[in-house]
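Me: I have a structure open and would like to go through it step by step. Could you help me read it?

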Amino acid sequence: MKFVTIKRTAVSTLAGLLIVAAVGASAAGSLAGSKGDVRFPPTLGSGECNVAYKAYVAASGHSAYATTFYSRVVDLYIICGTKLNAPSQKAAEEMALRNCQAGLTRWKLKTASGGCAISSSK
């Protein structure tokens, strides 16, 4: 008789833990489809930066999108950098900035705005 009582108690306890775990997992949720913290709206053309921004929005983890400021009068190009699904938002921002600055270095470009900045992060 004691075995049946212990079994019922164990089953109800495990069921309760399962419900709590399921609620916690759904509360965490995915970041996919979210634009996150938008610091300034990115200038998107029809090129690689547009594709990179769409990948950033679709990413399910901590991600960041960095880009150069765009001035139609002075700058004729946009350089961008992303980091998708990083361990934290801060790590994603640091890597996105490094990727953007590496593009400026690689193409040996100077911008009127002075470089890259984080446009959006989540």
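This is a predicted model: local features need pLDDT of at least 70, side-chain atom pairs count only at pLDDT 80 or more; totals for chains, interfaces and linings use all residues.

Me: What is the strand order in the open sheet?
Reply: The sheet has four strands in the order β1-β4-β2-β3, and their pairing is antiparallel. Strands β1 (37–38) and β3 (80–86) form the edges, each pairing on one side only.

Me: What holds strands of a sheet together in general?
Reply: Strands pair through backbone hydrogen bonds, in either a parallel or an antiparallel way.

Me: Back to this one. How many bridges link β2 and β4?
Reply: Five bridges join β2 (residues 62–68) to β4 (residues 116–121), in the antiparallel sense. As an example, T67 has A117 in β4 as its bridge partner.

Me: Which strands does helix α2 touch?
Reply: Helix α2, residues 48–58, packs on the sheet and touches β2, β3 and β4. The direction of α2 makes about 155 degrees with that of β2.

Me: And α3, which strands does that lie across?
Reply: Helix α3 (residues 89–107) lies across β1, β2, β3 and β4. Its direction runs at about 30 degrees to β2.

Me: How far does α3 reach from its first C-alpha to its last?
Reply: The 19 residues of α3 reach 27 Å, close to the 27 Å expected at 1.5 Å a residue.

Me: Which residues of α3 are buried?
Reply: The buried residues of α3 are A92, E93, A96, C100, G103 and L104. Seen down the helix axis, the buried residues of α3 fall within an arc of 110 degrees, so they line one face of the helix.

Me: What covers them?
Reply: The cover over the buried residues of α3 includes β2, β3 and β4.

Me: New topic: where is Y70?
Reply: Y70 sits in the loop between β2 and β3.

Me: Why is Y70 called partly exposed?
Reply: Y70 has a relative accessible area of 34%. Buried means under 20% and exposed means over 50%, so a value in between counts as partly exposed.

Me: Which residues does Y70 touch?
Reply: Leaving out residues up to four places away in sequence, Y70 touches T43, D75, L76, Y77 and I78.

Me: How far apart are the C-alpha atoms of Y70 and S113?
Reply: They are separated by 7.7 Å, although Y70 and S113 are 43 residues apart along the chain.

Methods:
Residues are numbered from 1 along each chain as its sequence is written. Side-chain values use heavy atoms; hydrogens and water are left out. Two strands pair if DSSP finds at least two bridges between them. Helices (H or I, at least four residues) and strands (E, at least two) are DSSP runs, numbered from the N terminus. Contact means heavy atoms within 4.5 Å. Axes are lines fitted to C-alpha atoms, for helices over the stretch in contact, and angles run from 0 to 180 degrees between N-to-C directions. The expected span of a helix is 1.5 Å times one less than its number of residues. Buried means under 20% relative accessible area, exposed over 50%, partly exposed in between (1.4 Å probe, protein chains only). The arc is that of the directions from the helix axis to the C-beta atoms.
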